[in-house]
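Welcome, and please open your viewer. We will go from stop to stop, selecting a few things at a time.

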Amino acid sequence: MTLVEGGSHTRVWVGARYSTIPRHNEIDDLLAKKIYKQIGMD
């Protein structure tokens, strides 16, 4: 897993797949499910 920091987000790379995650105190369940799906952990 590789993390790349942006201005207001973090990009998480897992192999060839990635997801861009906003920096918030909490991430709701729907967004978490979408992130898992994007990186192939669904």
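Is Tyr18 buried, partly exposed or exposed? Select Tyr18 and show its surface: its relative accessibility is 38%, so Tyr18 counts as partly exposed, in the range between the 20% and 50% cut-offs. Keep in mind on this tour that you are looking at a predicted model.

The rings of Trp13 and Tyr18 have their centres 4.5 Å apart. Their planes meet at 40°, so this pair is described as tilted; stacked would need an angle under 30 degrees, and edge-to-face one over 60.

Now turn to the strands. Select residues 2–5 for β1 and 9–14 for β2. These two strands pair in the antiparallel sense, over four bridges. For a closer look at the pairing, pick Glu5 and find its bridge partner, Thr10, in β2. Then follow the chain from β1 to β2: a hairpin joins them through three residues.

Stay in that loop between β1 and β2 and click on Gly6, which is found there. Gly6 has a relative accessibility of 25% and counts as partly exposed.

Note on methods:
Residues numbered from 1 in each chain as written. Predicted model: local features only at pLDDT ≥ 70, side-chain atom pairs only at ≥ 80, totals over all residues. Heavy atoms only, no water. Phe/Tyr/Trp six-rings, centres within 6.5 Å; stacked < 30°, edge-to-face > 60°. Buried < 20%, exposed > 50% of the residue type's maximum accessible area, 1.4 Å probe, protein only. Pairing = 2+ DSSP bridges.
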